[in-house]
Every structure is written in C-alpha cells, then in structure tokens.
Amino acid sequence: MKKFLLYSSAFIMLFFIFPAICTISPKDETYEASTGDTTSNEVNNNETQNTEETQTQQQENQTSEKYDYQKYKTIKLLHVDTNQIEELNIDEYLYGVVASEMPANFEIEALKAQATVARTYTIFQIINNSAKHENADVCDDFNCCQAWISKDERFARWNAEEAESNWNKIVEAVNSTSGKIITYNGAPINAFFHSNSGGVTESSLNIWGGIDYPYLKSVETSGEDGYTQYSSEVTFSKEELLAKLKEKYQDCEIDFNQENCIQITELTSSGRVKTIKFGNKEIAGTEARTILGLRSTNFTFSINGDNITFSVKGYGHGVGMSQTGADSLAKSGSNYEEIIKHFYTDVEIIEVNSL
Ligand SMILES: [Zn+2]
C-alpha cells in the first residue's frame with residue numbers, strides 16, 4: 001500500500017505539478033550527450049510530496065490518466081533529414097536505436113541494458129518533454145534525442161554474412177526486456193549514457209549543473225581500458241590552438257613564454273577538467289572539450305616545443321551508463337539489471353505497466 005501511494009504521488013508530481021512548474025521555468029541548460037537532451041534538467045522527478053491535495057488528485061485521475069505502456073506502444077519518430085514523421089511500435093523503434101547506439105558484437109546483457117536505457121529515455125521524453133518536437137515524440141538526431149537507423153540502412157553497413165545474426169541479437173535484446181524501464185522513486189529516470197567513462201563516471205551536476213539527480217552519481221568502473229575509446233590524443237601547434245580559441249573568444253591572448261600560460265584551474269570530484277585557463281581566458285572544461293574537439297573533459301595536456309598535446313581518457317560526457325563499461329561488466333558475468341544498477345544509483349527496474 002505504501003508503495004502504491006509512493007508511486008501514485010510520483011505520478012501526480014509528473015502529470016500535474018511538474019507541467020505547472022515547467023511553464024514558468026526558463027530553459028537555460030544545454031546538454032550534449034548521446035542522449036543530447038536540452039530541457040530535462042528542469043524535471044524534478046524525485047520529489048514525493050504526499051499532501052492531501054495530491055492524494056485527492058490521485059484518486060480522481062488514476063483511472064483516466066494512469067501511465068500505460070500500451071498507450072505509448074506507438075511512437076512518432078521525426079526523421080530530421082527529411083522532416084517526415086514515422087509511426088512505429090516502440091520496440092521496433094528501439095531496434096533501430098540499439099542498432100545505432102551500440103555495436104552488435106557487444107555482449108547480449110550489455111545490449112539488453114542499452115535497450116532498457118533507450119526505452120526509459122524514450123518514455124521519459126514522452127512524459128516530461130513532449131513539447132520538444134511539435135508533432136513527434138522523439139527524433140533520430142543523436143545530438144537531440146537518440147540515434148536511430150533503419151533496418152535496411154543498418155544491413156547495408158554490416159558485412160552481409162553477419163547482418164542477420166547481428167539484427168537478431170538486437171531484436172532479442174529489445175524483446176527480452178520489453179516493457180522494462182528504470183525508475184527512481186517510482187518515476188522513469190533521465191537515462192543518460194555515453195561511450196567510455198575513462199574509469200570513473202561523472203555526476204550530472206558537474207557536467208550540466210541544475211538539478212543534482214540522485215541516480216546520476218559518479219561511480220568507478222573497470223575494464224574500459226580494453227576498448228579503443230579509452231584513450232586518445234589531440235595535438236595542436238601553438239598557432240592552431242590560439243586560432244581555435246579566438247573563433248569563440250576574439251580577445252583571447254596566450255603568452256607562451258609565461259609559465260602556466262595554460263593551466264587547469266579546477267577538477268571535478270571525478271578528476272575531469274572543470275575549468276581551464278588559456279592565457280587571459282578561463283573557460284569550462286566542457287567548453288574546452290567542444291572548442292578543441294576532445295573526446296571528453298577527462299584530459300591532461302603537455303607542451304612540447306611548438307606543440308600542445310591533449311591526452312584524453314574516455315569518450316563522451318561520462319554521465320550515466322558507460323557502454324563499453326557495460327560490455328566489460330557483461331563479459332565478467334553481470335546481467336543487464338546488475339549493469340544498470342552499477343551505473344545508476346539506487347534505481348529499480350520495473351514493468352512500465354506497474355507504474
Ligand atoms: Zn530530438
């Protein structure tokens with residue numbers, strides 16, 4: 001009964017109180033992510049106010065408004081290239097997401113974790129972010145929502161002899177987790193993921209600020225160093241580096257004769273660059289990553305003669321599930337639920353119909 005009340009209150013928060021808050025909240029966060037959301041920082045899906053008012057609303061609305069996976073079984077997918085909207089069964093949509101977001105040669109339990117994460121992300125968007133696209137639930141641009149690829153296009157990019165078995169593996173990952181989503185306090189989580197954390201994931205607060213999602217905490221993870229995404233290097237000449245910075249900051253000047261002409265001024269708790277100073281400009285690590293095209297904010301640098309080399313660990317923003325970390329855990333015997341609970345703190349995996 002307590003659980004029912006908890007879930008019901010969370011439901012009321014999502015459908016009645018959050019939309020009211022949403023209409024007056026400024027949208028000032030910018031996300032970059034595999035699931036590159038731009039507005040979800042506004043959502044506080046962790047509050048569980050249990051007031052008389054919400055209980056009354058709950059009794060009045062639970063039958064008519066109850067969240068139902070069947071209701072969202074068909075989703076509207078916007079193809080950004082053509083501006084066409086396609087209606088798809090949600091699991092068929094997820095075949096195309098998993099096929100696009102994770103290599104098919106990853107372990108089946110990692111693919112199942114990816115399918116569950118992608119389903120949760122999709123339902124989170126439908127519930128909390130329906131205004132993002134005018135007549136669609138999600139789009140196929142990975143910078144905005146989640147990447148998606150059609151079966152035909154996917155087959156054309158795989159070796160012919162592997163295509164059928166690859167596809168069947170993805171279908172199995174989605175079908176065997178059908179209806180399963182990740183929740184915190186009874187509500188779907190904002191399920192961010194990335195390619196490789198470089199050994200430790202990052203809290204959402206350190207990357208995007210805003211709400212400190214209690215399930216998006218920094219956690220250590222092992223085995224990612226076995227993947228090519230783990231380390232990379234980018235080298236610029238002094239002139240190239242300054243030119244890149246000047247594209248954004250015209251008044252940026254660096255006196256390379258000065259010691260500490262480039263200086264990392266603050267690290268996040270997970271060891272990523274929070275702020276870095278280039279000459280007279282101090283900028284966020286996330287911005288330096290964008291300007292210099294680095295794979296993550298988990299980087300160091302060295303100056304050798306005319307060259308500045310950035311050595312980068314990991315790939316992506318580092319928040320939520322690491323895909324290569326998931327594959328590594330699966331190889332060590334973890335199942336998809338264990339993988340998800342490793343990367344998302346204090347979450348549950350439930351049948352969406354039981355929300
Ligand atoms: Zn989108």
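This is a predicted model: local features need pLDDT of at least 70, side-chain atom pairs count only at pLDDT 80 or more; totals for chains, interfaces and linings use all residues.

**Entry 1: the whole chain**

I started with a count and got 11 helices and 14 strands in the chain. Next I checked burial: of the 355 residues, 43% are buried. I also looked at contacts between residues at least 6 apart in sequence, and 71% of those join residues at least 24 apart.

**Entry 2: helix 6**

I picked helix 6, residues 160-175, and checked its length. Its 16 residues reach 23 Å from the first C-alpha to the last, close to the 22 Å expected at 1.5 Å a residue.

Which residues of helix 6 are buried? I found I170, A173 and V174. Looking down the axis of helix 6, I saw these buried residues fall within an arc of 90°, so they line one face of the helix. I reminded myself of the rule here: an α-helix has 3.6 residues a turn, so residues three or four places apart point the same way.

Then I asked what the buried residues of helix 6 pack against. The partners are helix 3 (90-101) and helix 4 (108-128). On the face of helix 6 turned away from the buried side, I noted the exposed residues E161, E164, S165 and N168.

**Entry 3: the cores**

I looked for the largest nonpolar core, and it has 55 residues. The members that touch the most others are L94, V98, I339 and I340. Helix 4 gives the most to this core, with 10 residues.

Skipping its neighbours within four places in sequence, I found I339 in contact with E109, A110, A113, A326, L329, A330 and S334. Apart from this core lies another one of 13 residues, with F278, A288, L292 and F301 among them.

**Entry 4: the 5-4-14 sheet**

This is an open sheet of 3 strands in the order 5-4-14, and the pairing is antiparallel. Strand 5 (187-188) and strand 14 (348-351) stand at the edges with a single partner strand each, so one side of each has no neighbour in the sheet.

How many bridges join strand 4 to strand 14? I got 4, with strand 4 covering residues 180-184. One pairing I wrote down is T183, whose bridge partner in strand 14 is E348. Helix 4 turned up again here: it packs on the sheet, touching strand 4, strand 5 and strand 14. The direction of helix 4 makes about 65° with that of strand 4.

**Entry 5: the 2-1-3 sheet**

Here I found another open sheet of 3 strands, in the order 2-1-3, with mixed pairing. Strand 2 (84-89) and strand 3 (138-139) are at the edges, each with a single partner strand, so each has one side left without a neighbour in the sheet.

I checked the pairings of strand 1 (residues 74-79) in turn. Strand 1 runs parallel to strand 3, joined by 2 bridges, and antiparallel to strand 2, joined by 6 bridges. L77 shows up in both pairings: it stands opposite V138 in strand 3 and opposite E86 in strand 2.

Strand 1 and strand 2 make a hairpin with 4 residues between the strands, where N83 takes a positive phi near 65°. Finally, is strand 2 well covered or hardly covered? Hardly: the count of buried residues among its 6 residues is 0.

Technical notes
Residues are numbered from 1 along each chain as its sequence is written. The expected span of a helix is 1.5 Å times one less than its number of residues. A residue is buried if 20 or more other C-beta atoms lie within 10 Å of its own, exposed if 12 or fewer, and partly exposed in between; C-beta atoms are placed from the backbone. The arc is that of the directions from the helix axis to the C-beta atoms. Two residues are in contact if their C-beta atoms, placed from the backbone, lie within 7 Å. A nonpolar core is a set of buried Ala, Val, Leu, Ile, Met, Phe, Trp, Tyr and Cys residues joined through C-beta atoms within 7 Å. Two strands pair if DSSP finds at least two bridges between them. Axes are lines fitted to C-alpha atoms, for helices over the stretch in contact, and angles run from 0 to 180 degrees between N-to-C directions.
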